Amino acid sequence: MGCENDRAEIDGVSAPPRRRRISEDDRVRRFTRGAEAWRASTSTIQPPAIGWPMNARGIRTNFMFNVAGALAPLIIALVTVPIYVSHIGAARYGALSIVWVLLGYFGFLDLGMSRASANALAKHEEARERSSILVTAFAINLALGVAGGLVLYIGGRVFLQYLLDVPPELEGELDSVFPWLACVVPMTLLTGVASGALESRERFLTINALQIAGSIVGQVLPVLCAVLVSPSLSVVVPAAVLARFPLFLLMLAFVIRREGPLSLTSFDRPRAGALLNYGGWISVTNFLAPLIVSLDQLVIGSALGLAAVTYYVVPLNVVLRTQIFAAALSRTLFPRMSRLQGDDARRLTESAIGTLAHGYAVACSVAIVLIGPFMNLWMGPDFAVVAAPIAEILMIGAWINGIAFLPFAHLQGQGRPDIISKYLALELFPFLLVLWLATRHFGIEGSAYAWVARAPVHLLFLLAMMRFEKTRYAQLVLPFGCVMTAFVLVRLVRPGLFESLLIASAFAVSTSAIAFAIDQNIKSLFARLKGEAIALKDAA
C-alpha cells in the first residue's frame, strides 16, 4: 500500500495508462521516498539500549571485510599448495612448512603488543596520547623483533641440524634462508602494532585489503619463482620475504599518515610498563590456548598411534574453519568493547552473543547434516566412515566455542586479560586428565567428546566473569537445541546424499525462521535489507 501511494504521489497521477519515461530527478525522488517508507515501516522495531552492532553504521560492513580477510588466504592456499608441492617436491615443502612453523613461534615475542596497542588506542582520540602509545609500542616491538631475529638466525640452524632429519641435499638450501627469516621477525612484530592502530580506528577495509594483497603476493610470487626460476628454497623463501616487504611499508605508511607525525621523544616509560603488563597476559593466553587446542592431537598420537591422529585432525580443521564468522565478529567489535565502559560494553556484548548464537546455529546444524556426505566425496568412503562421526561431534563444541569468542574479547577489551590466562592455566591439567581417560577408554570419539565437554565449562566461566545477565541465558537454549537436534537426527537416520540435502535445507529454513522470529536484532537487520531493496527497486 505504501509503495503504490508513494509512486502515485511522486508521479502526480493515480494510475498511468502506460509506463512513461522516467527522468533522473524522478529516480532520485523515488529512491528518497522508498527509503522514507522503509524507515516508517521499521520505526516500531526497538533495538537494545546500546543498539545492535550489526545495525550500527559501518560495523556490518566491517564484519564482512573481516570475513573476506579470513576466507581469502584459505582460497589462495587451495590453489597454490598443489602447485607448490608438485614443483618443489614433498621433501622441500615439508621443510618449508617447518620453517614457517618455526617462524610462527617467534611471533610469541610480540608479547601481546598488537592487542595491547589496539586496546589502548581505542580508548584515546587525542593525537598526543595516540602518538605516545604508538611510538612506545613500536619501540618495544622493534627491540624484541631484532633480538628475536638474531635468536632465530642462530638457534634455528641448531634446531634444524640436530632435531630434524634433513636430507643432505637440502642442508645448504635451508642454511641460506635464515638471514631472510631473521628479517621477517621484526617486520612481523611492527606490522602487528600497525594493524592494532588501524583496528582501533575500525579501518578494517584497509587492514583486510592489505592482508589479502599480502596473501596473494606472498603465496603467488614464490610459486612463480619455483616454476620459472628454481624450486630451491634459497629462491622460494627470499621471494616470500621480499613479497611481504612492500606491503609492510604500505601499512606503516597508512598508520604514519593517519597518526603522524610520530617522534621518538613520545616514548613513555610508564606507558611501556602498562602495555607490557596488559600484553604479557595476552602472551600467556596466546601460549596456553593453542596448547590446550593441540593437546587432543598429542594424546591421540601417544595413546592410539600417529595414524589415528589423521582421522581426528582432518575433521577438526574443517570444523574450526566454520568459526571464522565468530572470529570476524569478535575482531569487529573489539575496538568498541575497549572504548565502552561498564554496562554499556556488557549490553553490547550480550546483544551480539544472542544474535551470533542464532546465526551460527544455522550454519552448525546444516554442517552437521552435510559433513558426512562432504567427507565421503572429499576424502573417500573409507576415511569418511571414521572421520565424519568425529566431525559431527566436534561441530557441537564449535558452536559453543564460537559463542565464547565474544565474552573472551569483552574481557580483553575491558582490560582484564588476566582472567582468561589464569583460567586457562587452571584448566590445563584437569582437561588433560579427562582427555587422556576418554581417549584410552573410547578412542578418538572419546577425545572428541572430551573436547566438546570442555567447551561449555569454558563458555559459562567467561559469561560469569563478564557478568552476563542471568535472564539472557535462555536465549542460548533454543539455538543449542537446534544444533543438538541435527546431531541426534543424523546419528539415528544416517541419511544418504539426497536425503542429507533435503534435511539440511529443512534445517536451514527452520533455524533461520526461528532466529528471525525470536531475535530482534536479526529481524531488524532483515528489515533494513528489505528496505534498501525496496528503495533500490523504486529508484530503478
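Helix 12 (342–379) contributes the largest share of the lining of the second largest pocket, eight residues. Helices here are DSSP runs of H or I with at least four residues, numbered from the N terminus. A pocket is an open set of points on a 1 Å grid over the protein atoms alone, with protein on both sides within 12 Å along at least five of seven lines; lining residues have an atom within 4 Å of a point. The model is predicted: local features need pLDDT of at least 70, side-chain atom pairs count only at pLDDT 80 or more, and totals for linings use all residues. Residues are numbered from 1 along each chain, and side-chain values use heavy atoms, without hydrogens and water.

The second largest pocket holds about 710 Å³ of space, a volume being the space filled by probe spheres set on the points. Its lining comprises 21 residues, with Asn 317, Val 318, Arg 321, Thr 322 and Phe 374 nearest the centre. Helix 3, helix 10 (306–321) and helix 11 (324–339) are among the elements that each give two or more residues to this lining. By class, the lining has 18 nonpolar, two polar and one charged residues.

The surface also carries a nonpolar patch of about 940 Å², whose members include Leu 78, Ile 83, Ile 216 and Val 227. Such a patch joins nonpolar side chains within 5 Å, from residues with over 30% relative accessible area and no salt bridge. Helix 3 (59–105) and helix 7 (204–228) each give two or more residues to the patch, and helix 7 gives the most, with seven. Val 227 lies in helix 7; Val 227 counts as partly exposed because its relative accessibility is 40%, between the limits of 20% for buried and 50% for exposed.

Conventions. Patches are made of residues with over 30% relative accessible area and no salt bridge: like charges are joined within 9 Å, nonpolar side chains (Val, Leu, Ile, Met, Phe, Trp, Tyr) within 5 Å. Accessible areas come from the Shrake-Rupley method with a 1.4 Å probe; for residues, only the protein chains shown count as cover. A salt bridge is a side-chain nitrogen of Lys or Arg within 4 Å of a carboxyl oxygen of Asp or Glu. Buried means under 20% relative accessible area, exposed over 50%, partly exposed in between (1.4 Å probe, protein chains only). On a 1 Å grid over the protein atoms alone, a cavity is a set of points where a 1.4 Å probe fits but cannot get out, and a pocket is an open set with protein on both sides within 12 Å along at least five of seven lines; lining residues have an atom within 4 Å of a point. Ala, Val, Leu, Ile, Met, Phe, Trp, Tyr, Cys and Pro count as nonpolar, Asp, Glu, Lys and Arg as charged, and the others, Gly among them, as polar.
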